[in-house]
Amino acid sequence: MNPPATPPKLPQPQLRERTERMEPSRSRREERLRVINTHLNLARRCHKDAAQKPKPVNIGWRGTSAVEAVGVEVELPPKGLEEAHTTLLTPPALKFVADLTKRFNSEVDLMLNERVRRKVELDVTGNRPEFLVNPQAQAPDWRVDPAPRRLQDRRLDLGDVSPANTEHFVAALKCKVNGIQTDFDDGHCPTWPAQLRGLYNVFKAVHGLFPDIGDIGSLPVLMLRPRAWNMIEHNMLVDGREVPGPLFDFGLLMFHCAGRLMQAESGPFFYLSKVEGANEARLWNEIFCWAQDQLDIPRGTIKSCVLIENVLASFQMEAILYELRHHSIGLNCGIWDYSASFVNKFGHRDDFVLPDRNKYVNMQRHFLRSYMDLVVHTCHRRGAHATGGMAATMLVSKDSFLVSQVTAAKLRELVAGVDGFMVYDLRLVPVMLKLYRTLGFINQIDRVRDDVKVTPADLLEMPAGGVTLEGLKHNVAVGILFIAAWLRGQGHYVYKGAVEDSATAEISRSQVWQWIRHRATLEVSGEVITRKLVQTLIKEFVDSANTEIAPDEAARARLSVAAEIFEEVVTKRDFPEFLTTYLNQDHTFRAHQKLSC
């Protein structure tokens, strides 16, 4: 079924007449025009370096030329980000985000309540999830809409690229890859300065405002990744309520960038994080349709890749694709968020204790191999791309053994049938491009993998193995260092030759919580993992922190605070659902945000 046609644009005389009817009193109009002129003057200064470059497309939004954003409260700009604040948070843009929020607030609440209901049902009944029965999604005669030209080749993306890190973002724009996971989620810390800087850097990239950076149509595709539904934007209120983080991010990205991206055949394209089921895919589809209608963009222009990061979503992959069939390019595998979700959903059960992730949890284990096989089979039989996870390895030197390890891991994913994957380190790009040259394909969608016969038991089979002392220490270190990174406003960091983000922090703190909860024992000594043992390891790590980890007194103070928060999280009676939610709502983190502004 073709997507419905968008409503016709109003003729200009009618549009002007409608706008004039909406104008308020003379004094308020003059004050508003003064504010708008201030915005325009600052925007002109921002555009002065782009005189010879393509101008941003003026996509009309009905009746917003001078409409007040009623019921909206926004925090003042952080020092040094006044221009970003003024450029992004114009009255029409604020009203667009406000209307988006008002339209979908109740649906978001319902969706989040459904997550709680489903979790309680699993806890009370002790049942295991089963594949969703959905006759429409299981019908043999549908496929996702064809991928646009620039998304047919998904072989290599850069992952965890927070646009708030301007230097890394600009380097990524210059890289010869297919796409950039422009990340406001796992690899990003959503402080007010970071959010504004990140959104503004995307705006500048799309509209050609970075010096020595080409037109957006010739750059790697921006795969924009808004925050997941567990995150809130504290700095904007609509009708007295904080705005859901993904609506804030999506709304501003669409309002400011969709027109130019569409003109350049380069978007808007999105990654959707931490989707738990088909009902959530349906909500995103409704959001896409609403935004496209409001901006007079044809339905189906937006394309999205859903990250299957939750075990419950793996039982509804086909239905997720079906709900987004006019806006989907496929599904993605993410090993650590996915593995952490087992603790999230079943962590209190004895039969779901995950062993040491560094020694026993990898994509060759049956439950993860089955998960990837099912992603490939489900996507390819519906004409969609299936992509693998991100290689987190950092090439600190030309280590041939390290290169061969990364290459072998990614080759296994390609043999399984994936159409591409991500790397973080730009120095891995030539290594991966060399691998692809030996294989000679653009994508593998024709490989349907009819040999795949995955059952619920396959997806839920826990790997055998125990817990090593080194593995426990590593999880403690990764969790503490991630919290410390957030306290200084950064969403990821490098530790022991790998980039660590919220996904690895989630699995690390989840395992420590679960091992304490189930009194797991260490492999060699047989010692029980207790709160006291974890407290001892936390203290040892903080006391032994070198100058690279804590170069000054401020860093040591942050590390101590992070250690206290980590201990609190892993010893709670009930498992905190998301570490990032816990931090984002915590008074300590929010106090650090205020200091950074």
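## A buried glutamate and its partner

E323 counts as buried, at 14% relative accessibility. Buried means under 20% relative accessible area, exposed over 50%, and partly exposed in between (1.4 Å probe, protein chains only). E323 forms a salt bridge with R282, and their closest N and O atoms are 3.3 Å apart. A salt bridge here is a side-chain nitrogen of Lys or Arg within 4 Å of a carboxyl oxygen of Asp or Glu. E323 lies in helix α10 (residues 317-323) and R282 in helix α9, so the pair ties together parts that are 41 residues apart in sequence. R282 is partly exposed, with a relative accessible area of 37%.

## The model and its confidence

This is a predicted model, in which local features need pLDDT of at least 70, side-chain atom pairs count only at pLDDT 80 or more, and totals for chains, interfaces and linings use all residues. Residues are numbered from 1 along each chain as its sequence is written, and side-chain values use heavy atoms, with hydrogens and water left out.

The mean pLDDT of the protein is 89, and 87% of its residues reach 70 or more. Residues 4-68 have pLDDT below 50, yet this stretch has 79 contacts in the model beyond near neighbours in sequence. pLDDT is the predictor's confidence in each residue, from 0 to 100. A contact means heavy atoms within 4.5 Å.

## The barrel

Eight strands form a closed barrel with parallel pairing, in the order β2-β3-β4-β7-β8-β9-β10-β11. The twist averages 30° from one strand to the next. Helices (H or I, at least four residues) and strands (E, at least two) are DSSP runs, numbered from the N terminus. Two strands pair if DSSP finds at least two bridges between them.

Take one pair. Strand β8 (residues 303-308) runs parallel to β9 (residues 328-333), and 5 bridges join them. V306 has L331 as its bridge partner in β9. Elsewhere, helix α14 (residues 400-416) lies across β10 (385-391) and β11 (420-423), at about 165° to β10. Axes are lines fitted to C-alpha atoms, for helices over the stretch in contact, and angles run from 0 to 180 degrees between N-to-C directions.

The whole structure holds 35 salt bridges. One of them joins K274 to D186, with the closest N and O atoms 2.7 Å apart. K274 sits in the loop between β7 (269-272) and α9, and D186 in the loop between β3 (179-183) and α7 (192-206), so the pair ties together parts 88 residues apart in sequence. K274 is buried at 7% relative accessibility. D186 is buried too, at 5%. Both belong to a salt-bridge network that also links D183, D185, R225, E309 and D337.

K359 forms another salt bridge, with E523, at 3.1 Å between the closest N and O atoms. K359 is in helix α12 (residues 357-360) and E523 in the loop between α18 (502-517) and α19 (531-543), 164 residues apart. K359 is partly exposed at 45% relative accessibility. E523 is partly exposed at 36%.

## Two buried side chains

T301 lies in the loop between α9 (278-294) and β8. T301 is buried, with a relative accessible area of 17%. A polar atom of its side chain lies 2.7 Å from the backbone oxygen of P298. Leaving out residues up to four places away in sequence, T301 touches M262, G267, P268, F269 and Q292.

S370 lies in helix α13 (residues 366-381). S370 is buried, with a relative accessible area of 6%.

Definitions and conventions:
A polar contact is a pair of N or O atoms within 3.5 Å; within protein, one must be able to donate a hydrogen and the other to accept it, and residues adjacent in sequence count only if both atoms are side-chain atoms.
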